[in-house]
Amino acid sequence: MAAAISTSVSAQISPEFGYNGIGRSFPIFVHIPPGVRGDITIQLLAPVTADVVEKASTTGGDQDLAKLFPDLWTAKSPKLMYAQLVIGDEKIGAAIVLQPMLNPQISRLKADGKTVEFVTDEDGPMYNGIRAYVDKHLILDTSMGPIEFQLRPDAAPNTAWTIMELVRGGLYRDTIFHRVVAKRKDGTPFVIQGGDPTGTGSGGAGFSYPLENSTLPHDFGVISIARSTDPNTNGCQIFVALSRDGTKHLDGKYASFGQAVKGAQTIIKIAAVPVGKEDRPNDPPKIKNARLVNAPPYGTGPKPEVRPQ
């Protein structure tokens, strides 16, 4: 039976603008569902733990997040947070991702031509404002069943954003998993890889972007970006890790940006298909469609999948 897929929710807070420059107003709209009663607050939540960093009382309709939380513009070390609507004791709807717009680190290869290093500006990253958008999950509808991923912009914000844009643009429709490595030579499960519009393993979206130093360890169900030798050649090809032991050496070298919360059996089915030369499936599984859905209220969704025994 196919895994159940999260449904969208109607009540939430939504930003008027995707980009909000530092020191300016930050307009949002607070949607209150009919019949819901209780004190209305917006809570700023820390990634992963969902701990409350700060909260403010509000009402429905047009609001200014910068007035509710003046610290947004004065933080000395701004961090990504989630703005969650709470009515009474209940979290309502998807949160807003609040991503600080910081000058990014530069990734480059060391003299050995293999080791990646990240360089930060001597004066530290400049804080420019906040990119804001409704938190999303990514669903891959494959020929072997659906896989649902929680996106992790806290780990790799610009990578997660770029992939969402590619999904919205329809790039992944009718693409294949062109590479399946069920096990490495040492016997550890490795990856399934797809998302190339040409299906050859050499195609891309027509542009590339820098590698991010993701804080999300590669493990079963973690989705990450493939690249060539140069760390600044991230594109649209994606791979899903099949085990921690087989992929832990990829940490810091590839930008992991999400983790599967449903669809473990689908991942295992794809990994089990027969392959030929260069790990290419004889009958490649297909990504029939990729889509974004509103995430559950932050901290309430399903836990990351673990590899089935």
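Predicted model: local features only at pLDDT ≥ 70, side-chain atom pairs only at ≥ 80, totals over all residues.

Biologist: How do strands of a sheet pair in general, and in what order do the eight strands of the barrel run here?

Modeller: Strands of a sheet pair through backbone hydrogen bonds, in either a parallel or an antiparallel way. Here, eight strands close into a barrel in the order β12-β13-β18-β16-β17-β15-β14-β19, with antiparallel pairing. From one strand to the next, the twist averages 35°.

Biologist: Over how many bridges do β14 and β19 pair?

Modeller: Two: β14 (residues 175-181) and β19 (residues 286-294) are antiparallel partners over two bridges. Look at I176, whose bridge partner in β19 is K286.

Biologist: And which strands do helices α3 and α5 lie across?

Modeller: Helix α3 (residues 157-168) lies across β12, β13, β16, β18 and β19, at about 115° to β19. Helix α5 (residues 264-271) lies across β12, β13, β14, β15, β17 and β18, at about 120° to β13.

Biologist: What does the radius of gyration of the chain agree with?

Modeller: With the value for a compact globule: 309 residues would give a radius near 19 Å, and the chain has 20 Å. The C-alpha trace spans about 60 × 50 × 35 Å along its principal axes.

Biologist: What percentage of the residues is buried?

Modeller: Buried residues are 52% of the 309. As for the surface, the chain exposes about 14,800 Å², and carbon and sulfur atoms supply 50% of that.

Terms used: Residues numbered from 1 in each chain as written. Heavy atoms only, no water. Pairing = 2+ DSSP bridges. Helix = DSSP H or I, 4+ residues; strand = E, 2+ residues; numbered from the N terminus. Axes fitted to C-alpha atoms, helices over the stretch in contact; angles between N-to-C directions. Contact = heavy atoms within 4.5 Å. Rg over C-alpha atoms; globule rule 2.2 N^0.38 Å. Buried < 20%, exposed > 50% of the residue type's maximum accessible area, 1.4 Å probe, protein only. Areas by Shrake-Rupley, 256 points an atom, 1.4 Å probe, with all protein chains shown as cover.
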